[in-house]
Amino acid sequence: MRRRDPAGVEALFRRYHALLCDFVATLLPSHAAAEDVVQDLFYVMWTESSRWQIHTTVRAYLFAAARNRALKQLRHATTVRRVVEANWGADSDDAPGMSAPPLPPDVDLESAEAKQRLNDAIDALPERTRLAMTLRWHQEMSHAEIAEAMDISLKGVEKALSSGMVKLRAAMGPR
């Protein structure tokens with residue numbers, strides 16, 4: 001690999017590609033995604049071969065690298081899903097390029113009930129606390145920006161947010 005010998009790289013690819021794809025497919029939702037991860041692994045190994053350092057066997061290195069890439073892809077997908085849900089809502093069709101399978105009716109109903117309970121709990125908060133929480137979570141303002149907007153101290157903002165979270169947790173129950 002370090003000599004960038006095409007025949008050697010091809011031999012490694014032929015020997016481990018299918019094994020790695022099957023392994024990564026146990027971590028990712030589709031075999032196609034697993035193949036992408038493995039192909040990307042071999043591409044990076046080829047382009048960065050001068051920095052390639054193996055402290056174990058080639059087989060152990062390849063499986064560890066493939067696992068790490070698959071886990072990184074899963075973390076990225078989770079982050080993307082959270083951002084989409086935060087910006088467009090979990091049940092929104094407005095998210096660009098994102099579509100999620102429909103939720104089963106019982107899960108969808110439970111989610112709607114939970115959202116309604118949360119909205120009711122927020123509405124029941126004292127005005128100052130409700131305003132601080134709205135500015136923080138809906139407008140994504142920093143504590144300093146909230147303090148300036150509400151004309152209160154940073155400690156006042158922290159106290160309002162903290163007491164609001166305590167009240168919301170109590171209103172929402174153990175779930």
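A residue counts as buried here when its relative accessible area is under 20%. Keep that cut-off in mind for the stops below. The model on screen is predicted.

**Whole chain**

The chain has seven helices and zero strands. Read along the sequence, the pattern is α-α-α-α-α-α-α. Of its 175 residues, 25% count as buried. Take the contacts with a separation of 6 or more: 56% of them join residues 24 or more positions apart.

Now colour by pLDDT. The chain mean is 79, and 83% of the residues reach 70 or more. Which element has the lowest mean pLDDT, and which the highest? Helix H4 (residues 105-123) is lowest, at 71, and helix H7 (residues 154-172) is highest, at 90.

**Helix H1**

Select residues 6-25, which form helix H1. Its 20 residues should span 28 Å at 1.5 Å a residue, and its end C-alpha atoms lie 27 Å apart, so the two agree. Centre on Tyr-16: H1 bends there by about 45°.

Show the buried side chains of H1. They are Val-9, Leu-12, Tyr-16, His-17, Leu-20, Cys-21 and Val-24. What do these residues pack against? Their partners are helix H2 (31-47) and helix H3 (58-88).

Next, pick Asp-22, also in helix H1. Buried or partly exposed? Asp-22 has 48% relative accessibility, so it counts as partly exposed. Draw a C-alpha to C-alpha distance from Asp-22 to Ala-34: the two are 7.6 Å apart in space and twelve residues apart in sequence.

**The largest core**

Stay in this region and show nonpolar side chains. The largest nonpolar core has 19 residues. Those with the most contacts inside it are Tyr-16, Leu-20, Val-24, Leu-41, Phe-42 and Leu-62. H1, H2 and H3 each supply at least two residues of this core. H2 gives the most, with seven residues.

Click Leu-62 and list its contacts, skipping neighbours within four places in sequence. Leu-62 touches Leu-12, Tyr-16, Leu-20, Leu-41, Phe-42 and Met-45. Apart from this core lies another, of 14 residues, including Ala-121, Ala-147, Val-157 and Ala-160.

As background, nonpolar side chains tend to be buried together in soluble globular proteins.

**Helix H7**

Select residues 154-172, helix H7. From first C-alpha to last, its 19 residues reach 27 Å, close to the 27 Å expected at 1.5 Å a residue. Show its buried residues: Gly-156, Val-157, Ala-160, Leu-161, Gly-164, Leu-168 and Met-172. Turn the view to look down the axis of H7. The buried residues fall within an arc of 125°, so they line one face of the helix.

Then step past the end of the helix. Gly-173 follows H7, and its phi is positive, near 85°.

**Last stop: Thr-129**

Select helix H5 (residues 127-138) and pick Thr-129 within it. Is Thr-129 buried or exposed? At 7% relative accessibility, Thr-129 counts as buried. Which residues does Thr-129 contact, leaving aside neighbours within four places in sequence? They are Ala-160, Ser-163 and Gly-164. Ala-160 and Gly-164 are among the buried residues of H7, and Ala-160 also belongs to the core of 14 residues.

Conventions: Residues numbered from 1 in each chain as written. Predicted model: local features only at pLDDT ≥ 70, side-chain atom pairs only at ≥ 80, totals over all residues. Heavy atoms only, no water. Helix = DSSP H or I, 4+ residues; strand = E, 2+ residues; numbered from the N terminus. Buried < 20%, exposed > 50% of the residue type's maximum accessible area, 1.4 Å probe, protein only. Contact = heavy atoms within 4.5 Å. Expected span 1.5 Å × (residues − 1). Bend = angle between axes of the 7 residues up to and from the residue. Core = buried A, V, L, I, M, F, W, Y, C linked by side-chain atoms within 4.5 Å. pLDDT = per-residue confidence, 0-100. Arc of directions from axis to C-beta.
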